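Okay, thanks for coming, everyone. I've got one structure to walk through today, so let me put it on the screen.

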Amino acid sequence: MKALDYLNRAIVVLSTIALVFAACVLTYSVVLRYFTSIATDWTDEMAVFLLIGTTFLSAAWVHSQRGHIGIEALSAILPPHIDRWRRLVVDILSAAFCAFFSWKSWTLLYEAWDEGYVSATAWAPPLWIPYSLMAVGMTLLTLQIFVQAFRPSFRPS
Amino acid sequence: MSTFDIGLLYGGFTLLVMFSGMPIAFALGLVATVFMVFFMPAASLDTVTQNVYEEMSAITLLSIPLFILKGAAIGRSPAGRDLYSALHVWMGRVPGGLGIANIFACAIFAAMAGSSPATCSAIGSAGIPEMRKRGYPPGFAAGLIAAGGTLGILLPPSITMILYAVASEQSLGKLFLAGIGPALLLVLFFAGYASWRYRHEARKAHTVHTGGGISSALLDRETFTLSQKVAALPRVLPFVLLLTGVMVALYGGFATPSETAGLGALLALILIAIIYKTWRPSQFQPIMINTIRESTMLMLIIGMSLFYSYVMSYLHISQSVAEWVVAQHLSRWVLLATILVLVIVLGFFLPPVSIILMTAPIILPPLRAAGFDLIWFGVVMTIVMEMGLIHPPVGLNLFVIKNIAPDIPLADVITGVLPFVVLMALAIVVLCFLPEIALWLPEKVIASTR
């Protein structure tokens, strides 16, 4: 599963750029408003797309770091061999939910692409852009959960 | 099935899934989806993702990753250490000044970084060793830093407050301002306690010393020259300027809260690049990795909490519970106390983000009906969340302290922290009698800009 690892690293770099870029876009909006009277209705939305994209795309990488927190009280109480089963069930259920969510994201993306949905603002960017980031991100997350569930030794760098 | 039964089932199923150890974000999404399958029209399943997207795609919410970026940039730089040593030098003469300097450093740093754990580790890693070297009891030193760090969620920009503003549909600008007075009150309480405790310890040490025992480091006096004091300033001032600049941009009407987040993050990155030469990819990378990890984790919990609340309200659970609470005709203060106890108990298990989004639709209508100001309640609820950060079993800050000072036993840290939990509870009581401490500033500022 080296491929997934490399992909995740690439996504971290991409997310870094997106975050800094979002900060720049919002700053630009403040500066522009101060010095000119040009309306910047697109900046907020651009930042939303960048930040939504970062959130969903990096979800798989965060999971690879076991970064999605949960209530871990049981793992301290249960004997190790039962706890291993608990973890497996939890991972399978998590993956099932994420798979369902990914599936619905793809159908939403298809709908948005097919019918040409745009955002309800003056700038009106097409909505397939954020939807596709959500669909890809959730699919990667599903994959990642599966990989980690069945390969407990899998510890990416 | 009646709404009551569905509600019980929803609550019970949530508890079961959460305690299974499933990541909170997936657990909330799973519970909401399962109830959609059984109790909502089939077509609603098709709109799950659109729902989550629309709930999340508010720029106010999405400013959170940028606030985290700003916090990570400042938190990872040596700014905390510098701020701490500057305050230490300046407060040298005050009795218990070292402890007070630590609290001030926590408050200022928390306001710059906006994160409790970051504040604890930035100020604590310099402050705890210094306090111990000067003879402060380790538990007290640890408790002081853990408590000081919580000020981060009460001072703007606070992520907890952003979520409360979204959930309660209150003005974020007002809420930010409303946190400042109570935060100062807490600083005063903490500083007062630190000073009293120092004198108490010093008296004890003095008795031991005059009785022929060993002299404690607590009795040594430190003095700093004026040039030392002046030399401490240049590295701290830029960050204080950043803090005030961002506030001026926000309240002067130059920037929206989300734009403030972008501006603050960019300025923080530029400042640490100039002052601490943190611009190489290898130095830059840990900041970004921390930011992405924390913000993605939070944003997914937020998105799924909103989805969870949506299902809860579609099934009329939140409304029914809220109506039921109103129908009990509890007296105002009993109602408030009950709700706060509920929030405290939830705080044993859940992070503030999910508590606020999950409970807001249930607890806010009865509070509004009882005549409580929702901005005021936002501040009170935030203080309760602060307590959750330092009381066991989750107490995030306790674990941060455990990391930076591993040799202090956890039991000492917990006993050290308890007086501060009591002080926070006291602050809530004071706020009940004097709500103006929170509400005066927003009324003054918002009225004058209008």
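**Where the two chains meet**

So, let's start with a salt bridge: the side chains of B:Asp46 and A:Lys104 come together in one, at 2.7 Å from N to O. How many salt bridges are there between chain B and chain A? The count is 2. And before I go on, keep in mind that this is a predicted model.

If you look at polar contacts, there are 9 residue pairs across the interface of chain B and chain A, with both partners at pLDDT 80 or more.

Now, which elements build chain B's side of this? The ones giving two or more residues are helix 1 (3-19), helix 2 (24-39), helix 3 (48-56), helix 4 (59-76), helix 13 (257-275) and helix 14 (281-314) of chain B. Of these, helix 14 of chain B gives the largest share, 12 residues. By residue class, the side of chain B that touches chain A splits into 34 nonpolar, 11 polar and 3 charged.

Okay, the overall numbers. Chain B puts 48 residues into the contact, and chain A puts in 53. Between them the two chains bury about 4700 Å², and 78% of that is on carbon and sulfur atoms.

**Out on the surface**

Next, something on the outside. There's a nonpolar patch on the surface made of A:Val31, A:Tyr34, A:Phe35, B:Val248 and B:Phe254, and together they have about 530 Å² of accessible area. So which element gives the patch its largest share? That's helix 1 of chain A, residues 2-35, with 3 residues. A:Phe35, for one, sits in that helix.

**Two backbone details**

Last bit, for those of you who like to check torsions. In chain B, have a look at the bond between B:Pro156 and B:Pro157: that's a cis peptide, with omega about -10°. Where does B:Pro157 sit? You'll find B:Pro157 in the loop between helix 8 (138-149) and helix 9 (159-168) of chain B.

Over in chain A, the one to look at is A:Arg66, with phi near 55°, which is a positive value in a residue other than glycine. A:Arg66 is in a loop too, the one between helix 3 (59-64) and helix 4 (73-77) of chain A.

That's my tour, and I'm happy to take questions.

Terms used:
Residues are numbered from 1 along each chain as its sequence is written. Chains are lettered from A and ligands numbered from 1 in the order in which they are written. This is a predicted model: local features need pLDDT of at least 70, side-chain atom pairs count only at pLDDT 80 or more; totals for chains, interfaces and linings use all residues. Side-chain values use heavy atoms; hydrogens and water are left out. Contact means heavy atoms within 4.5 Å. Buried area is the accessible area (1.4 Å probe) that two parts lose on being put together, summed over both. A salt bridge is a side-chain nitrogen of Lys or Arg within 4 Å of a carboxyl oxygen of Asp or Glu. A polar contact is a pair of N or O atoms within 3.5 Å; within protein, one must be able to donate a hydrogen and the other to accept it, and residues adjacent in sequence count only if both atoms are side-chain atoms. Helices (H or I, at least four residues) and strands (E, at least two) are DSSP runs, numbered from the N terminus. Ala, Val, Leu, Ile, Met, Phe, Trp, Tyr, Cys and Pro count as nonpolar, Asp, Glu, Lys and Arg as charged, and the others, Gly among them, as polar. Patches are made of residues with over 30% relative accessible area and no salt bridge: like charges are joined within 9 Å, nonpolar side chains (Val, Leu, Ile, Met, Phe, Trp, Tyr) within 5 Å. Accessible areas come from the Shrake-Rupley method with a 1.4 Å probe; for residues, only the protein chains shown count as cover.
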